Amino acid sequence: MGFHEISHPADLELEIWADDLVTLFKAAAYGMASSIALEIDQSKKEIKEIEIKALDLESLLVRFLTELLFWIDIENQGFDKLDILISDLCLRGTVETGLIVRMKAEIKAVTWHNLKIQVDEKGYRVRIVFDL
Amino acid sequence: MKKVIGCGLFLIYRNGFKRKEVNYSMAMKDFIQINEYEWEIPRSYHPDMQVPVRIFATRKLLEEVMNDRSIEQAVNSAMLPGLVGNVLVMPDMHQGYGFPIGGVAATRYPEGVISPGGIGYDINCGVRLLASRIDYDHSLTFLDQLAERLYQLCPSGVGEKGTIHLSEKELDQVLSRGSRWVMNQGMACEQDLLRTEENGSIEGADPNKVSKRAKDRGRQQLGTLGAGNHFLEVDVVEQVFYPKAAQLMGLEEGNLAVQIHCGSRGLGHQVCTDYVDEFQVAVKKYNIRLPDRELVCAPLSSPEGKSYLAAMRSAANYAFANRQVLAHYTRKAFEEVFFKEGVDYRLDQVYDIAHNIGKIETHVINGEKMTVCVHRKGATRAFGPGNQALPQEYLDIGQPVLVPGSMGTASWVLVGTEESMERSLGSSCHGAGRVMSRHQAKKVVRGEKLRNELQNSGIRIKAGSNSGLAEEAPHAYKDVDMVVETVAGAGLTRKVARLRPVIVIKG
């Protein structure tokens, strides 16, 4: 599991890889958080339930990351540990959240630009462009 | 056709979304040079292109963008159904997502499509310019105080909320009425509205087409700049090139002016997110084939297309209102600092323009007068003289076009021309255009050093963080003078005045 930033003149592009789909989704979320240096108050964490459905995996990924961005923007809640499962194009689980104490950039949106989850013998791989 | 890929516990359905693989290996030989400032990629370049791509650039600017994927994105954009004329690309182009930044595309109305990705997430991101009567030399001793007050009154930066808290009903009024709502609150004058694109209140907005989630994001952000490349800048009018136009705009050499660059904040981002998601289904329903899912679209005449148009217009009104509120607080700061000194502190609006928007306009395309939906993503409307959309006082000179440069460098005021109406759907560039990633900029530029350099050159900087400052370093952008020389050389605009920054407020 991992992620790295790919050079993009204006926005943020991450390449993410993992052995399995759930880990890929987690890595995408952690990559997004890491890119904006998201830090939360570790002393007052809460457990929040999450359930996302979609028509395909790419939609599920965009909706999942968009949900996390919504919590950041509206509730000032960042996230930490993700405990999720994906089955039949439905993502369910819990997320540890806490008040944001630091964040160095604002992500406007998760885009669909050339979004395609690739699967091969090495595992899962995806590139995501975030609008900054 | 439904293709199912089995993968352990999971099934990946790719039911009906027909992705066309596009193989690009573009070189200068693929471009037809029209003149010194204009290039074409003909339809023959790719069988799925509906129209050619026209690029306004010098050879140098064009060669520079071959390093990123903006031209490839322009070619992809030229595959949208219902396009007319050419897909146009301005010289400040750079790689975005879906459409390139600097892209302009028109679809026939109402038979054609509308693509949220062709407008962008920051709906009606735009620029407002205010002119003062304050001489820079006489203002020098007050600029530090002015910078401080502007920074306090105009919230900027990551996660900043505004001081205006809107009820549900008030937010709906902002979405319906834009700057007119702000005027009713006593924070605008009639001239502000007359000198705003669409008078700051675009018709056809429908708050009911904006999701609760988008409204939740917008409720506390009215009157905020946001982060990234958004800014509020006090400039000095350094040089006037077109005295008649400058005089009509109230721009006098040596006087201060103010630029405000921001958009529709989280509300607009969410509107675009919602509809790009919804249109993933619409493209299947209307059997639209596209090379990139970010380009999803729906017919303008369809329920989905109509809903997006109404929601996008609502977000555009929010952005007009946002810049209007920021203009009000800018005026308050000027009044507080200069009134007691007996200085005429008034700030008159020059113009307010959108550079991420979709507009229904009438143009003559290939000799035929037609109504079209013009998508401008990182491109500015640049209507020529005589256009009835312009304020009365600008009818003779054409529409003001505001081109902010990178932080610490010049900005430009231009006007649209008759040629822009004929050749670029009444459009021009919107800024300098990035050439370097934010990550790379932070590697090569130290924020603290940059802050010192800018301050030593007479620019007062108020910015949230040094790393944010480094991301926006002048090195990360093209030379705005070269971009402006290109649109002026191509005849799309005429130069009016060059502005030099003296105060920069950034997130």
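Biologist: How many residue pairs does the rule find in polar contact across the interface of chain B and chain A?

Modeller: This is a predicted model, so local features need pLDDT of at least 70 and side-chain atom pairs pLDDT 80 or more, while totals for chains, interfaces and linings use all residues. Residues are numbered from 1 along each chain as its sequence is written, chains are lettered from A and ligands numbered from 1 in written order, and side-chain values use heavy atoms, without hydrogens or water. A polar contact is a pair of N or O atoms within 3.5 Å; within protein, one must be able to donate a hydrogen and the other to accept it, and residues adjacent in sequence count only if both atoms are side-chain atoms. Across this interface there are 16 such residue pairs, both partners at pLDDT 80 or more.

Biologist: Which element gives the largest share of chain B's side?

Modeller: Elements here are DSSP runs numbered from the N terminus: helices (H or I, at least four residues) and strands (E, at least two). Those giving two or more residues to the side of chain B that touches chain A include β6 (83-97), α8 (212-218) and α10 (265-285) of chain B. The largest share, ten residues, is from α10(B).

Biologist: How much area is buried between chain B and chain A?

Modeller: Buried area is the accessible area (1.4 Å probe) that two parts lose on being put together, summed over both. Here that comes to about 4000 Å², with 49% from carbon and sulfur atoms. Contact (heavy atoms within 4.5 Å) takes in 50 residues from chain B and 41 residues from chain A.

Biologist: And how many salt bridges are there between chain B and chain A?

Modeller: Look for a side-chain nitrogen of Lys or Arg within 4 Å of a carboxyl oxygen of Asp or Glu. Between these chains the count is seven. One of them is B:D277 with A:R63, the closest N and O atoms being 2.6 Å apart. B:D277 sits in helix α10 of chain B and A:R63 in helix α2 (residues 57-75) of chain A, so the pair joins two chains.

Biologist: Is B:D277 buried or exposed?

Modeller: Buried means under 20% relative accessible area, exposed over 50%, partly exposed in between (1.4 Å probe, protein chains only). B:D277 has 16%, so it is buried, whereas A:R63, at 32%, counts as partly exposed. Another bridge pairs B:R213 with A:E67 at 2.7 Å, N to O. B:R213 lies in helix α8 of chain B and A:E67 in helix α2 of chain A, so this pair joins two chains.
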